[in-house]
Each structure stands twice: as C-alpha cells, then as structure tokens.
Amino acid sequence: MDLSKIKTLIDFVGRSNITELTVTEKDVTVRIFRASPGEVAVAEPSQDPGSKISLVSDAPSSVEKTSYAVKAPVFGVLHRAPAPGEPPFVAIGDAVEEGQTLFIIEAMKVFNTIAAPRSGRITHLTDIDNGDVETGDLLAEIA
C-alpha cells in the first residue's frame, strides 16, 4: 500500500465520526485510530510486510483541555437552523449532549449533519449562517 493511500485513509478518519479503521491490501494491514480530544496523533509507519500503522498519543496525559473545538469536516454552506425561519440548533450557553445536532453543512445538495463530539456547554459559536465554510473552519467550542 502506498503512502498516498495511507494519507487518504488518515484524512478520511479525521473528517468522519469513525474512531478506528483497519484496511488490508495484499499482505499489508493498516490500522488507524482517532486520537482523543487533547491528544496529538502521530503515525508510526513500519517497513515490514503485514505490519500495522497506528495513530498513537504523544501528549502528556496530565494536560486537559478546557474546551473542545468543533471544526467543519467538509466545505459547503453552513446552516445553523434545521430550516429557514426556524430557531438555530444551538446558541451560546446551551448545554449539549454528545451526538446532538449542532449544524448542517450543505455540499453539492448533500446535507451533512454536524453532531456534538462530546457533552458540555457551548462557549463559542460562529457568526456564519447560510454562508460558506471551509474544511477546518472553527464552528463552535464546547466546554
């Protein structure tokens, strides 16, 4: 398996809600884990056939983040409400549960639901509504 395929798989796991992905091609297996919030992900490639590539934590475990950034996983038009004229999914100060819908990003007529990655309280919210966002743009912070 070439490095460009491995990078594509790592990017896919980073943009999705998948926490673990294992792919085998011929005699090589690649296993990718999503790092927990606040941890630094590092890929450890190995040259041996049949070896595994994993993302591992390299951050000290005593460091805790006070808030978690919710970033746009794809580019498109950000919608803060389920439909025009309806109230937004969340507002600053709202308590949210893990998996609760925060936004919808419309890309090529596909509506991607952006869910809360963890429970907490909304401390920051983007001003963009019905406007374009790019992959990686900060949408909200959850404390």
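This is a predicted model: local features need pLDDT of at least 70, side-chain atom pairs count only at pLDDT 80 or more; totals for chains, interfaces and linings use all residues.
## The four-stranded sheet

The model contains an open sheet of 4 strands. Their order is β5-β12-β10-β7, and the pairing is antiparallel. The edges are taken by β5, residues 68-71, and β7, residues 95-96. Each of these has a single partner strand, so one side of β5 and one side of β7 are left without a neighbour in the sheet.

## The pairing of β7 and β10

At one edge of this sheet stands β7, which pairs with β10 in the antiparallel sense. Strand β10 covers residues 120-125, and 2 bridges join β10 to β7. Val96 has Gly120 of β10 as its bridge partner.

## Met108

Met108 is placed in the loop between β8 and β9. Strand β8 covers residues 101-107 and β9 covers residues 110-115. The phi angle of Met108 is near 55 degrees, which is a positive value in a residue other than glycine.

The relative accessible area of Met108 is 75%. Met108 counts as exposed because this value is over 50%.

## Asn130

Asn130 is found in the loop between β10 and β11, the latter being residues 131-133. Its phi angle is near 60 degrees, again a positive value in a residue other than glycine.

With a relative accessible area of 54%, Asn130 is exposed. The cut-off for this class is over 50%.

Definitions and conventions. Residues are numbered from 1 along each chain as its sequence is written. Side-chain values use heavy atoms; hydrogens and water are left out. Two strands pair if DSSP finds at least two bridges between them. Buried means under 20% relative accessible area, exposed over 50%, partly exposed in between (1.4 Å probe, protein chains only).
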